[in-house]
Amino acid sequence: DGMRIDVKKRQQTNGKWIVLGIVGLVTAITGVVARQSTKPHMGLQEDGSYMVSSYQRIESGALAFDSRLINSALSPDGSLLAVIAHHSVALVDAASHKLIGTIPLKGDAGYRGAEWTHDGSKLYVSAADGKVNEYLLADKTLTAGRRLSIAPADFKENARAGGLTLSADDSKLYVVSMDRNCVVELTLASGQITHEFKTENL
């Protein structure tokens with residue numbers, strides 16, 4: 001009789017563990033399904049945006065470009081956005097988000113260099129070949145201006161133009177020269193180098 005009671009208790013205990021195991025399994029499956037149902041899916045979302053494979057969201061009304069974007073610069077009055085891609089500069093109406101036009105970027109885009117003059121009449125963009133491209137703005141259209149060198153004529157390597165900024169009166173342009181470890185000061189009236197500020201390794 002004692003053995004029968006012991007076997008019966010074991011059967012009851014095993015039954016409880018089986019039930020608990022089933023409940024735990026169902027709970028785990030339900031959790032996985034719930035997480036999958038709330039995980040964003042690729043493609044069009046309910047709010048009109050798009051989700052790409054890296055789980056980055058592209059908002060509705062966004063503009064598509066045919067190459068990787070490097071930088072952007074908003075005009076001083078906030079009406080125009082210059083978008084720097086690998087091979088081109090696009091001009092976008094900041095209010096409507098509509099593309100106005102594009103212009104080729106000679107020398108390809110450099111490392112994070114794009115700046116408008118304070119009056120919004122010119123745009124300067126660093127190029128990967130060690131020069132700075134100047135663009136002139138008229139009637140919401142960019143045209144190519146000068147190509148400014150950031151290295152002496154006897155420097156045969158690529159000076160690699162990086163970030164840049166303008167003086168308050170737009171008379172000087174300061175450009176980082178990555179491979180020469182310096183900041184170059186250009187006088188824009190002449191387009192010539194007038195000073196260099198040495199730095200540590202860039």
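A pocket, as the word is used in this tour, is found on a 1 Å grid over the protein atoms alone and is an open set of points where a 1.4 Å probe fits, with protein on both sides within 12 Å along at least five of seven lines; its lining residues have an atom within 4 Å of a point. Grid points are joined across faces, edges and corners, and a volume is the space filled by probe spheres set on the points.

The model is predicted, so local features need pLDDT of at least 70 and side-chain atom pairs count only at pLDDT 80 or more, while totals for chains, interfaces and linings use all residues. Residues are numbered from 1 along each chain as its sequence is written, and side-chain values use heavy atoms, with hydrogens and water left out.

**The whole chain**

Begin with a cartoon view, in which the protein has one helix and 15 strands; helices (H or I, at least four residues) and strands (E, at least two) are DSSP runs, numbered from the N terminus. Of the 202 residues, 29% are buried, where buried means under 20% relative accessible area, exposed over 50%, and partly exposed in between (1.4 Å probe, protein chains only). Contact means heavy atoms within 4.5 Å, and among the contacts in the protein with a separation of 6 or more, 33% are between residues 24 or more positions apart.

**The largest pocket**

Select Leu63, Phe65, Leu81, Val83 and Val92 next, which are the closest to the centre of the largest pocket among the 12 residues that line it. The space in this pocket is about 210 Å³. Strands E4 (69-74), E5 (80-85) and E6 (88-93) are the elements that give two or more residues to its lining. By class, the lining has nine nonpolar, two polar and one charged residues, with Ala, Val, Leu, Ile, Met, Phe, Trp, Tyr, Cys and Pro counted as nonpolar, Asp, Glu, Lys and Arg as charged, and the others, Gly among them, as polar.

Now show the side chains of Val89, Leu105, Leu123, Tyr135 and Leu142, which have the most contacts inside the largest nonpolar core, a group of 17 residues. A nonpolar core is a set of buried Ala, Val, Leu, Ile, Met, Phe, Trp, Tyr and Cys residues joined through side-chain atoms within 4.5 Å. At least two residues of this core come from each of E4, E5, E6, strand E8 (109-116) and strand E9 (122-127). A second, separate core has 15 residues, including Leu148, Val175, Val184 and Leu188.

**Along strand E11**

Move to Thr143, which is placed in strand E11 and is partly exposed, with a relative accessible area of 41%. Beyond its neighbours up to four places away in sequence, Thr143 touches Ile103, Glu134, Tyr135 and Leu136. Ala144 also has its place in strand E11, and, with neighbours within four places left aside, Ala144 is in contact with Ile103, Glu134 and Tyr135. A distance drawn from the C-alpha of Ala144 to that of Glu134 gives 6.3 Å, for two residues 10 apart in sequence.

**Loop residues**

Arg68 is in the loop between strand E3 (57-58) and E4 and is exposed, at a relative accessible area of 67%; not counting residues up to four places away in sequence, Arg68 touches Ala85 and His86.

Ala128, in the loop between E9 and strand E10 (131-138), is partly exposed at 34% relative accessibility. With residues up to four places away in sequence not counted, Ala128 touches Gly107, Asp108, Ala109, Gly110 and Asn158.

Finish with two backbone angles. Arg160, in the loop between strand E11 (141-149) and strand E12 (161-166), has a positive phi of about 50° although it is not a glycine, and Arg160 is partly exposed at 37% relative accessible area. Asp170, in the loop between E12 and strand E13 (172-177), has a phi near 65°, again a positive value in a residue other than glycine, but Asp170 is buried, with a relative accessible area of 18%.
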